[in-house]
Amino acid sequence: MSASLSSRSTASVWHPCTQMKRHETQPPLALVRGSGAWLYDEAGKGYLDGLSSWWVNLFGHANPRINAAVKAQLDTLEHVMLAGCTHAPVVELSERLAALTGHALGHCFYASDGSSAVEIALKMSAHYWRNSGQPLKRDFACLAQSYHGETLGALGVTDVPLFRQAYDGLLRPAHIVASPDARAARPGESARDVAARAAETLRQLFEAKADTIAALIVEPLVQCAAGMAMHDAQYLQDIRRLCDQYHVHLIADEIAVGCGRTGTFFACEQAGNGGGEGERMWPDFLCLSKGISGGYLPLSLVMTTPNVYQAFYDDGINRAFLHSHSYTGNPLACRAALACLDIFEEDDVLNANRVRATRLSILLGPVAAHPQVRHFRQQGMIWAFDVTVEDPAHAATFSRRFHALALESGLMLRPIGKTVYLMPPYILNDHEQTLLAEGVQSALAEALRT
Ligand SMILES: *Cc1c(COP(=O)(O)O)cnc(C)c1O
């Protein structure tokens with residue numbers, strides 16, 4: 001008998017974000033195909049993809065409409081360099097995304113993964129200030145418990161000790177300001193109060209150091225990797241105002257929260273007091289990746305303003321943004337992204353998700369009411385709650401046990417520490433929602449019992 005795919009994998013593939021030794025007792029799940037919200041293993045067992053394959057999949061696996069678009073592009077033009085050349089998919093995608101911001105962010109710069117998009121936004125910001133005669137503005141500010149990726153620049157604005165400790169000596173320190181995480185509310189405080197308090201710490205930083213700060217980077221509405229820490233939308237307005245006042249760029253990392261995940265296409269659209277178009281707040285840079293290609297192909301981009309673009313527009317090459325990646329603007333990935341934008345329009349996805357989210361929230365009622373569940377929260381197509389486990393040894397293994405129990409019952413879910421979250425694709429039917437809610441409830445009961 002030949003060795004299983006899992007054991008061949010651990011012998012040759014070094015898996016991401018994994019202590020490989022743990023695979024001795026829990027081998028990686030070998031998947032052979034996907035269809036809709038489901039992934040299937042070699043034995044044909046199905047797993048409901050409750051975390052959209054690390055937050056990238058929007059419209060299910062092997063989606064016929066995206067497949068058709070990618071196949072047609074494959075037979076037309078699979079790839080060409082984007083320096084000195086261009087092609088229809090990248091042009092159409094840029095035009096359509098710019099239009100979604102009312103052309104406030106009318107220029108799109110491409111890369112292949114989220115971390116690279118963050119690197120680009122950071123470099124572009126500092127380079128903008130250099131081109132504008134303020135070369136000392138080259139530091140960055142980020143929020144406590146922020147996550148912006150794992151390359152050195154992105155890790156420098158990431159405040160997750162587990163990910164950065166080993167590399168601290170390699171990183172350029174950033175200013176870390178208070179997170180507006182609503183869970184930090186003191187007795188009697190609202191989420192908005194926490195946001196106001198967090199904004200005040202930012203104001204103090206800017207007051208002292210704005211002369212040397214190029215940009216503040218935030219993940220609007222939900223700090224996902226921190227364990228789905230949610231905050232009041234007022235925070236975004238507050239920081240936009242402070243960034244304007246102190247001449248600091250605002251970078252919105254919408255790599256996870258963009259593409260409809262929080263209920264609007266861009267999370268930033270929810271800043272403002274429900275006012276009209278004119279009151280929308282836009283960042284100076286907006287990073288997209290993950291969901292933009294529907295979870296099909298690596299694609300990321302940074303959208304920016306005419307003002308930033310103009311600061312690089314010149315006769316000399318030194319003022320240009322000389323950054324590139326080999327697969328920048330890959331036509332197949334752009335075509336997948338365009339197919340996703342079509343689905344958003346044709347299926348009125350944002351409204352359909354509102355109905356879906358209301359229903360799934362009701363189904364999760366018993367979970368929210370569990371005596372060991374705290375801070376049950378929801379934003380768009382993200383649900384999360386924290387579990388209290390008294391025994392430290394039990395608490396330390398909660399995430400792994402919950403993951404294993406959920407898998408057994410055919411659900412793919414990976415808690416972050418003691419935070420369980422759901423980030424399903426935007427296609428769950430009523431039956432799948434019920435399966436998901438009931439599966440979470442029973443895995444939770446089991447994980448807390450054993
Ligand atoms: C995933 C993620 C990144 C990094 O994207 P990669 O494609 O994994 O490099 C950056 N920021 C946020 C908010 C993310 O969720």
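This is a predicted model: local features need pLDDT of at least 70, side-chain atom pairs count only at pLDDT 80 or more; totals for chains, interfaces and linings use all residues.
Reader: Which side chains have an N or O atom 2.6 Å or 2.5 Å from an oxygen atom of the ligand?

Author: Serine 115 places a side-chain N or O atom 2.6 Å from a ligand oxygen, and for lysine 290 the corresponding distance to a ligand oxygen is 2.5 Å.

Reader: Which residues are around the ligand, and how many of the shell are nonpolar, polar and charged?

Author: A residue is near a molecule or strand if one of its heavy atoms lies within 4 Å of it. Around this ligand stand Trp55, Asp113, Gly114, Ser115, Tyr147, His148, Gly149, Glu219, Asp253, Ile255, Ala256 and Lys290. For the classes, Ala, Val, Leu, Ile, Met, Phe, Trp, Tyr, Cys and Pro count as nonpolar, Asp, Glu, Lys and Arg as charged, and the others, Gly among them, as polar. On that scheme the shell has 4 nonpolar, 4 polar and 4 charged residues.

Reader: How many salt bridges does the structure hold, and which residue meets arginine 65 in one of them?

Author: A salt bridge is a side-chain nitrogen of Lys or Arg within 4 Å of a carboxyl oxygen of Asp or Glu, and the structure holds 21 of them. In one of these, the side chain of aspartate 347 meets that of arginine 65 at 2.5 Å, N to O. Aspartate 347 lies in the loop between α11 (331-346) and α12 (349-363) and arginine 65 in helix α3, so the pair ties together parts that are 282 residues apart in sequence. The helices (H or I, at least four residues) and strands (E, at least two) are DSSP runs, numbered from the N terminus.

Reader: Where in the chain are the partners arginine 96 and aspartate 342?

Author: Arginine 96 and aspartate 342 form a salt bridge whose closest N and O atoms are 2.9 Å apart. This pair links distant parts of the chain, with arginine 96 in helix α4 and aspartate 342 in helix α11, 246 residues apart.

Reader: Is aspartate 181 buried or exposed, and which residues are linked with it in a network of salt bridges?

Author: Buried means under 20% relative accessible area, exposed over 50%, and partly exposed in between (1.4 Å probe, protein chains only). Aspartate 181 counts as buried because its relative accessibility is 9%, whereas arginine 183, at 23%, is partly exposed. The closest N and O atoms of their salt bridge are 2.8 Å apart, and Asp181 and Arg183 are linked with Arg377 and Asp386 in a network.

Reader: Which residues make the nonpolar surface patch, and where does tyrosine 167 lie?

Author: Patches are made of residues with over 30% relative accessible area and no salt bridge, with like charges joined within 9 Å and nonpolar side chains (Val, Leu, Ile, Met, Phe, Trp, Tyr) within 5 Å. Leu152, Tyr167 and Leu170 make a nonpolar patch of about 310 Å². Tyrosine 167 is in the loop between α7 (161-164) and β6 (175-177) and is partly exposed, at 39% relative accessibility.

Reader: Where is histidine 247 found, and what is its phi?

Author: Histidine 247 sits in the loop between α9 (234-246) and β10 (249-253), and its phi is near 55°, a positive value in a residue other than glycine. Its relative accessibility of 53% is why histidine 247 counts as exposed. Cysteine 17, in the loop between α1 (5-12) and β1 (31-35), likewise has a positive phi, near 50°.

Definitions and conventions. Residues are numbered from 1 along each chain as its sequence is written. Side-chain values use heavy atoms; hydrogens and water are left out. Accessible areas come from the Shrake-Rupley method with a 1.4 Å probe; for residues, only the protein chains shown count as cover. A polar contact is a pair of N or O atoms within 3.5 Å; within protein, one must be able to donate a hydrogen and the other to accept it, and residues adjacent in sequence count only if both atoms are side-chain atoms.
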